[in-house]
Amino acid sequence: MGKGNAATSQEKFNTLAQSGTADFDTHSLSSGKLVYGAGADLSDKAAWKGKAKRKIVTQKIILSLIEAAEKKGATDRVKAYRNTLYCLDKFYSSDGRVYGKYCKNRFCTLCCSIRKAEIINRYYPVIMSWEEPHFITLTQKSVPAAKLDLWFYGVNKAFRQITDKYKKRDQRGKGLKLVGIKSMECNFNPVARTYNPHQHLLAPNAEIAKTLVVEWQKKWNQGKKKLASPWAQHIRRVENIERDLVELIKYGSKIFTEPDMNKNPKNKTPRMVYAAALDNIFSAMKPYRLFDRFGFNLPPQPKHGVQLPTFLERYDEWVFEPSLSDWHNLETGELLAGYIPPPQLQWILAQSIDTDLQ
């Protein structure tokens, strides 16, 4: 095996995300590799440094998630976590392009970054057409782990009932049409040991934003039960569409959490990773879409023909080495990204992961 060019070159196809590596499959042939996708630029060091950082964070946290899930006897999640452990663990390069396989799991930071880029590419033009977009946060009372599944069900059901109500009114020509996009997130409070599933939304105008907040409080504040405090719901006008779209589609659960929940920037308490709590969140989130739209359809995507493979007659093989925080070339020993984790991140990953049951 050595450096060289692909023997045949097929047309390039859309990748999972415009700025990321294409998902692919490989087949070993007697004299080469058969790969799918356009691949990624081998020379883009900045992109590979970012991938290396996400890879080491993912691997370390996934090992802790496996331990936490094993303690609970959750064999299905253990299997899924192990799949993510090997995401982009090795790949092949030829003619300046890299071909690697992704796990596509929602708890993989590598795959989440690709998914984020894909969503931005599809939704940004739509949001740019909105006259006065607003960012909304809808939340309700936090609950212990035992009620987390029920709370996720309730949050999704309540929102669906609101949108269905206004959809029927709009169809009869008697009401406001609710339009927007939403994402689901869940925080863990290590002091109170409670969980807070909540939703972030983007709406085209202030009227829709205010309507969503009013209807949300009606749903959660019926009778004597007051589960959605007015002060906990937030609305603000969007000043930077790209920034707020990124905020909307970020990872569904905060990986790093302040142990004392103190937001004071002078607080020097190191952040923690609560693996068992993360596992609880991922388990409860599993049946639901973390990102969705309502009230509108996206423009149709261009259709592409059958994806044809590329045959690599000569290629280099790269394997991720955790001790190096990088992929190395099996033949030459060359490191790809040149990423060196900062001391703070090294310390967090080495000393600040808690796998105790939450």
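Colleague: Where is lysine 174 found?

Modeller: This is a predicted model, so keep that in mind as we go. Lysine 174 sits in the loop between helix 4 (148-171) and strand 7 (180-189).

Colleague: Is lysine 174 buried or exposed?

Modeller: The general idea is to compare the relative accessible area with a cut-off: over 50% means exposed. Lysine 174 has a relative accessible area of 67%, so it is exposed. It also belongs to a positive surface patch, together with Lys168, Arg169 and Arg172.

Colleague: And where does arginine 160 lie?

Modeller: Arginine 160 is in helix 4. With 44% relative accessibility, arginine 160 counts as partly exposed. Here is something to look for on the screen: the C-alpha atoms of arginine 160 and phenylalanine 294 are 9.5 Å apart, although 134 residues separate the two along the chain.

Colleague: Let's turn to aromatic rings. How many aromatic pairs does the count come to?

Modeller: Rings pair if their centres lie within 6.5 Å. By that rule the count is 16 aromatic pairs. Take phenylalanine 107 and phenylalanine 282: their ring centres are 5.5 Å apart and their planes meet at 55°, so this pair is tilted.

Colleague: Why does that pair tie together parts that are 175 residues apart in sequence?

Modeller: Because phenylalanine 107 lies in the loop between strand 5 (97-100) and helix 3 (109-128), while phenylalanine 282 belongs to helix 7 (residues 275-285). To judge burial, use the cut-off of under 20% relative accessible area. Phenylalanine 107 counts as buried at 12% relative accessibility, and phenylalanine 282 counts as buried at 7%.

Colleague: Could you show me another pair?

Modeller: Of course! Tryptophan 151 and tryptophan 220 form a tilted aromatic pair, with 5.4 Å from centre to centre and 55° between the planes. Tryptophan 151 lies in helix 4 and tryptophan 220 in helix 5 (residues 206-220), so the pair ties together parts 69 residues apart in sequence. Both tryptophan 151 and tryptophan 220 are buried.

Colleague: Which residues form one aromatic cluster?

Modeller: Trp48, Phe91, Phe320 and Trp327 form one.

Colleague: Now for charges. How many salt bridges does the structure hold?

Modeller: For a salt bridge, look for a side-chain nitrogen of Lys or Arg within 4 Å of a carboxyl oxygen of Asp or Glu. The structure holds 13 salt bridges. In one of them, the side chains of lysine 55 and aspartate 89 meet at 3.1 Å, N to O. This pair links distant parts of the chain, 34 residues apart: lysine 55 is in helix 1 (residues 45-72), and aspartate 89 is in the loop between helix 2 (75-85) and strand 4 (90-94). At 1% relative accessibility, lysine 55 counts as buried.

Colleague: What about arginine 77 and aspartate 279?

Modeller: Their side chains meet in a salt bridge of 2.6 Å, N to O. Arginine 77 lies in helix 2 and aspartate 279 in helix 7, so the pair ties together parts that are 202 residues apart in sequence. Arginine 77 and aspartate 279 are both buried. A network of salt bridges links Lys72, Arg77 and Asp279.

Colleague: How many residues apart are glutamate 215 and lysine 218 in helix 5?

Modeller: They are 3 residues apart, which means a separation of about one helical turn. Glutamate 215 forms a salt bridge with lysine 218, and their closest N and O atoms are 3.9 Å apart. Glutamate 215 counts as buried, at 6% relative accessibility.

Key: Residues are numbered from 1 along each chain as its sequence is written. This is a predicted model: local features need pLDDT of at least 70, side-chain atom pairs count only at pLDDT 80 or more; totals for chains, interfaces and linings use all residues. Side-chain values use heavy atoms; hydrogens and water are left out. Patches are made of residues with over 30% relative accessible area and no salt bridge: like charges are joined within 9 Å, nonpolar side chains (Val, Leu, Ile, Met, Phe, Trp, Tyr) within 5 Å. Accessible areas come from the Shrake-Rupley method with a 1.4 Å probe; for residues, only the protein chains shown count as cover. Lys and Arg count as positive and Asp and Glu as negative; His and the chain ends are not counted. The place of a charge is taken as NZ of Lys, CZ of Arg, CG of Asp or CD of Glu. Helices (H or I, at least four residues) and strands (E, at least two) are DSSP runs, numbered from the N terminus. Buried means under 20% relative accessible area, exposed over 50%, partly exposed in between (1.4 Å probe, protein chains only). Rings of Phe, Tyr and Trp (its six-membered ring) pair if their centres lie within 6.5 Å; planes under 30 degrees apart count as stacked, over 60 as edge-to-face and the rest as tilted.
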